[in-house]
Amino acid sequence: MRSDTRPALRPRAEHWVAPLEETPLREVDAADSSTTPRSLWAEAWHNLRRNPVFLISAVLILFVLFVAAFPQLFTDQDPRYGNLAQARQDPSAEHPFGTTVQGYDILSRTVWGARTSVTIGFLAMIGTTLIGMVMGSLAGYLGGWVDEVISRITDIFFALPLVLGAIVIATRLGSMTMPIVVLVICLFGWTNIARIMRGAVLSTKTQDYVMASTALGASSTTNLLRHVIPNAIAPVIVTATVNLGVFIVAEATLSFLGVGLPSTSVSWGGDISAARSALRTQPMMLFYPSMALAITVLSFIMLGDAVRDALDPKARKR
Amino acid sequence: MIWYIGRRLLQMIPVFLGATLLVYGMTFLTGGNPIDTLAGDKPISPAVRTQLEAQFNLDRPFIVQWLLYLKGVLTFDFGVGFNGRPIIDQIAAAFPATAKLAIIAVVVETIFGVAAGVLAGLRKGTVIDTTLLMLSLLVIAVPTFVIGFVVQFFLGVRLDLITINVGRDPSWINLLPPGIVLGAVSFAYVLRLTRTSVAETMTADHVRTATAKGLSRGGVVSKHILRNSLIPVVTFIGADLGMLMGGAIVTENIFNIPGIGTLLFDSIRDNEAPMVVTLVTLLVIVFLVSNLIVDLLYAALDPRIRYAK
C-alpha cells in the first residue's frame with residue numbers, strides 16, 4: 001500500500017490532509033447557538049452548584065454564621081458565668097459539653113466564641129483584600145517605579161511573619177481589643193493578595209479587549225476599574241476565602257502566645273490556650289473549641305478549593 | 001545570570017533597610033520605656049537611668065538610634081543586650097536549637113510532602129488521594145499549637161515516648177517531635193501544591209510522548225513529571241523558611257526550647273529593641289537569601305526560564 005492510493009499533496013502542504021468532502025463538518029463541530037454563552041461567573045456558579053465539596057462547605061459556613069449571629073438560640077447558659085462549685089464536670093443535661101476548670105459551661109463558650117472568631121476573620125479578610133487589591137493593581141497596572149516601590153514594600157511586610165508583628169504591637173499596647181487584632185492582621189496579612197493581584201493585572205492588562213477599550217478612548221482609570229480588575233479578580237477571591245480561615249487560626253495563635261484578646265473575652269483561641277493547663281483533667285476543654293475552630297477553617301479552605309476549581313478554565317473542561 | 005544576581009542583591013538592600021526601620025519604629029515609637037522594664041520593681045536612681053540611656057543610645061532621636069544600629073551591623077558590632085551579654089553571643093547560644101528544628105521541619109515537609117503529593121497526584125480521584133487530601137486539610141485547619149498540645153500530651157505524658165520539656169542543648173532525637181509539629185502545616189501545603197502540579201503535568205503532551213515511546217512508568221514519573229512539577233513546590237519551601245520562624249515562636253514555647261523563637265518572644269516582651277531588631281534582621285536576611293536561592297533553582301529546574309532584562 002504505497003503512494004498510488006494516496007491523493008497528491010496539496011500545493012505547499014507539508015502533510016497529507018483529507019479533502020473536506022471526505023470528512024465534512026459534522027454536528028459535533030457545530031457551535032451551540034441556541035443559548036447565549038455563559039459568563040465566567042455564571043459558568044462557575046453552574047459548576048459550583050453541582051460540586052459536593054462546595055455544598056458541604058457552604059452549609060457548614062452558613063451554620064457557623066448562623067451560630068455567630070444568634071448564639072442564644074443554641075445555649076441558655078452565660079459564657080461568662082464561672083461557677084467554681086461546678087468546675088470540671090462531665091457532660092450533663094445542664095452542661096451538654098461539661099464545664100471548664102473555672103466552672104464555665106463549655107457549650108456556651110464554644111457557641112459564643114464563634115462570634116468573636118468569625119467577626120475577626122471576616123473583618124481581617126475584607127481589610128487585607130482591600131489593601132492587597134489596591135497595592136497589587138497599582139503595582140501591576142502602572143508598572144515602572146510605582147511597581148518597584150510597591151513591590152519592595154510588599155517584600156518588607158512579606159518578610160515579617162504576622163505573629164511577630166502582632167507580638168511587637170501587642171506588647172507595646174498592653175491589652176488587645178478586637179479592632180486592634182483586626183488591624184494587626186490587616187497590616188501584616190495583605191501581602192499575598194497584593195502579589196496575586198499584581199500578577200493577575202499584569203497578565204490581564206495586555207489582553208486585546210483592554211487595548212480595544214484604550215483605542216476607543218477610555219481613560220486608564222476606567223480601564224483599570226471596568227476591565228482589568230473585574231477580569232483579574234478571580235484568583236484574589238480564591239485566596240481571600242482561604243485567608244479567612246488562616247486569619248481565624250492567626251487570632252487563636254495570638255491568644256495562645258498571650259498577646260491576643262484579653263481573657264475576659266470569649267473566643268476559641270483564648271479557650272484553647274486556657275485548656276492547655278487542664279489537658280490531663282478536662283480534655284474536653286481543648287476538644288470542643290478546637291473542633292469548632294477546625295471545622296470553620298476547614299469549610300473556608302474547602303470553599304476556596306471549590307471556587308478555584310469552578311473558575312479554572314483547565315479544570316472546567318468537564 | 002550575573003546581572004540577574006546583582007540586580008536581586010541590589011533589590012535586597014531597600015527591603016533590608018525597610019524591614020529593620022519598620023521593626024525599630026514599632027519597638028520604639030509605640031511607647032514603653034525599656035529602662036523601666038529593665039529595672040523591674042526595684043527603684044532606679046536618675047544617675048543610673050541617664051547612664052543606661054546613654055549606653056543604649058536611648059537619649060537620641062529614634063532615627064539616629066536606627067542609624068547607629070545600622071552602623072553597628074555593618075561593622076559586625078551588634079551591641080550588648082540589657083542583661084549585659086553581647087547580643088551576638090545570646091543569638092549564637094540560641095541558634096543551634098532553632099536551626100536543628102528548622103532543618104527537621106524542612107526535611108520532613110519536603111520529603112513527606114512531595115512523596116505524598118506525588119502519590120495523590122498520580123492517583124487523583126482515588127481513595128488514597130482523597131485520604132491524603134483530607135489529612136492535609138485537617139492539618140491546616142487545626143492550629144499548630146493544638147497539634148503541639150495533643151502530641152505532647154498523648155506521646156509525652158500518656159505514652160512517655162517523647163521528651164516533653166526539651167530544654168537546653170537539645171539532641172536531634174528530642175527535637176524530632178517539635179520539628180515535625182513545626183513542619184506539619186507546611187507539609188500539608190507542600191502536599192497540596194505537589195498534588196495539583198503533578199496532576200496537571202500528567203496531562204501534558206511531553207508526558208504522553210514519553211509514555212508512548214515506551215519509557216517505564218518510573219522513568220516517566222521521575223524524569224518527566226516530578227521535575228516539571230517541582231517549581232511551585234520549590235518556591236513555597238523557599239518562602240516557607242521565613243515563615244518557619246513565626247512558627248518556631250509557637251513550637252519552642254510549647255516544648256520549652258530555648259531557641260531563637262523564645263529569645264525573640266522574651267526580648268519583645270522586655271522592650272529589648274536592639275535584640276529584637278537584630279533577630280528580625282537575621283530573619284529577613286534568611287528570608288531574602290532563601291528566596292534568591294529559589295529563583296536561581298528555577299533555572300536549574302526549568303531551562304525555559306531565562307533571565308532577560
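Some conventions. Residues are numbered from 1 along each chain as its sequence is written, while chains are lettered from A and ligands numbered from 1 in the order in which they are written. The model being predicted, local features need pLDDT of at least 70 and side-chain atom pairs count only at pLDDT 80 or more, whereas totals for chains, interfaces and linings use all residues.

Chain A first. It has 13 helices and 0 strands; these are DSSP runs numbered from the N terminus, H or I of at least four residues for helices, E of at least two for strands. Of its 318 residues, 45% are buried, that is, with 20 or more other C-beta atoms within 10 Å of their own, C-beta atoms being placed from the backbone. Contacts are C-beta pairs within 7 Å, again placed from the backbone. For chain A contacts between residues at least 6 apart in sequence, 71% join residues at least 24 apart.

Next, the core. A nonpolar core is a set of buried Ala, Val, Leu, Ile, Met, Phe, Trp, Tyr and Cys residues joined through C-beta atoms within 7 Å. The largest one has 165 residues, and A:Ala166 and A:Ile185 touch the most other members. Helix H12 of chain A, residues 284–311, gives the largest share, 16 residues. Beyond four places in sequence, A:Ala166 touches A:Val184, A:Phe188, A:Leu254 and A:Val259.

Last, B:Gln152, in helix H7 of chain B, residues 144–158. Why is B:Gln152 buried? Because 23 other C-beta atoms lie within 10 Å. Its contacts beyond four places in sequence are B:Ile164, B:Ile254 and B:Phe255. B:Phe255 is 103 residues away along the chain, with 7.8 Å between the C-alpha atoms.

Terms used:
A residue is buried if 20 or more other C-beta atoms lie within 10 Å of its own, exposed if 12 or fewer, and partly exposed in between; C-beta atoms are placed from the backbone. Two residues are in contact if their C-beta atoms, placed from the backbone, lie within 7 Å.
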